[in-house]
Structures are given as structure tokens and as C-alpha cells.
Amino acid sequence: MIEALPLFHRIAGRPVVVLGQGEAATAKRRLVERAGGVVHTDISEGAAAGARLAFIVHEEDAQAEADVAGARRAGMLVNATDRPALCDFTVPSILDRSPVLIAVGTGGASAGLAKQLRLRLEALLPQSLGVLAGALQAARGRLRERFPEAGDRRRALDAALTAGGMLDPLVASSAERVDGWLQDAIADEGELVEITLGSDDPDDLTLRQARLLGAADVVIHDPRVAPAILDRARADAQRHVLQDTAPRAGLTVVLTLG
């Protein structure tokens, strides 16, 4: 089970409360402004009308707790710096390849760990990743014309964006190939793959098994397969118990127990 639901919240032009002084509070104000939010430093009645998020940055516990309570009374979700127990949401370490954003969070357990993971990813992901995303966005209309069915579009994109594919995201020149790919793109007709599990631990999946499960359109599984394994499938993948009559569409993965 995941402990928090990761979301991307648009705040451009909207009020966001930041309470506190010092370097940490300045960093939060800078983050809000970077996302286009309008910083307010008062939660008294009417001072930040319409605000839905608040960052509370105080050294003293009593002041932090009081401002958290006040912000919640005003209907805001609260982040209290260095106080995970008081937080409605936490702030991840952000890797920016706009419009691609990758957020690394630890639920408040260790900001340092999140930062170091983000730095590792920074070295892997080219600056051109945002250009590729923009090119794919510009091609959405033509992609829908070529593949009217959502499943066909998804499989065509999966094939192109996979490692070694024509639009491999880790290859800097991929953005330049979007138009050429779209002219010749074909949808994968799909396949049926059976995976025999050796344990209930998702860490025991091979890289190939994890990739297939994460890309599957339909997952057919033995009823004894652990939920932790099933959680590795896409949230919108169809799921069916092995004994049921199940449709096959696109990539169908059958999970059995060894």
C-alpha cells in the first residue's frame, strides 16, 4: 500500500499561504512562485481568500501547531516543515524537464534521501526530455486520427518509447523523430504472455516480468497471487481471476503460481 497519493496541483495565479521566517520559509516562497502561485503571509479572515494550500515554517512547536490548526480551520491543506505528523501533504524533491516533472518523495522520512535520488535521475534524463513531451503533445491530434482506438494508441506509443524504440526518452534526438515515426507507426496487435511466479515478493520479479506487468492491458491471475504483485500492473489495466472468462486485448499477462 502506498502511504500517500502523489498529485500534481496547479497553483498558477492562485493564493498560497506561507507562514514563517528564515531560509526554509524563503525556499517555500520561492517554490510557490516558481509554480506561478501568489504568496500570502497571513491566514486571518479574508487575508488569503481562496487559498487551499498552506506551508507552515516555524521553529517553535507551539506556534507551528497553532498556525496548522488555523490554516485547517480556513479549509487549507497543510505542510509543516520538519513535522510529518502535522502534514496533510509533503513536498517532494523535483526534477524539472518541463513539461515533464518527476517528483521523488519519502513521506517526510528523509528529504536528503529524496534529494540524492533526484540527483541520480538528473544525470540519467536528458534535457531534451521536455522537448520530446512537447512534440508528442503537438502530435496528439494526428495520433488520434491514425489510431482512433485508445488501446491502439497506447500500444503504438509503448513500442516507440520503450528502451531502444524510435522515441526512446533517454536518447536526446528522439524529439526530432516524432513526425517521421507518426507517418509509419503501427499498433502492436498484442500478445499473450504467461508469468509463473516464484514468490509473493514483487522484488523477485525479473526486469522483463516487471516491464510486461507494468505494460499489460489485461491481467489474468490466479486468485492466490499477492496484492503486492498485482499493484505492479497499471491501475487502468483490466483484471480477471484465472477461472473467469476473460477478454484478451493488446498485451495480456497471465499470472500463475509456481
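1. The side chain of R97 reaches the backbone oxygen of L125 at 2.9 Å. R97 also has a side-chain polar contact with E122, at 3.1 Å. A polar contact is a pair of N or O atoms within 3.5 Å; within protein, one must be able to donate a hydrogen and the other to accept it, and residues adjacent in sequence count only if both atoms are side-chain atoms.

2. This is a predicted model: local features need pLDDT of at least 70, side-chain atom pairs count only at pLDDT 80 or more, and totals for chains, interfaces and linings use all residues. Numbering starts from 1 along each chain as its sequence is written, and side-chain values use heavy atoms, without hydrogens and water.

3. R97 sits in strand β5 (residues 93-97). Is R97 buried or exposed? R97 is buried, at 5% relative accessible area. Buried means under 20%, exposed over 50%, partly exposed in between (1.4 Å probe, protein chains only). Beyond its neighbours within four places in sequence, R97 is in contact (heavy atoms within 4.5 Å) with E122, L125, P126, Q127, L129 and G130.

4. Helix α6 covers residues 150-161, 12 residues in total. From first C-alpha to last, α6 reaches 16 Å, close to the 16 Å expected at 1.5 Å a residue. That expectation is 1.5 Å times one less than the number of residues. Buried in α6 are G151, R153, R155, A156 and A160. Their cover includes α5 (140-146), α7 (178-184) and β10 (251-257).

5. L5 lies in the segment before β1 (15-20). L5 is exposed, with a relative accessible area of 63%.

Key. Helices (H or I, at least four residues) and strands (E, at least two) are DSSP runs, numbered from the N terminus.
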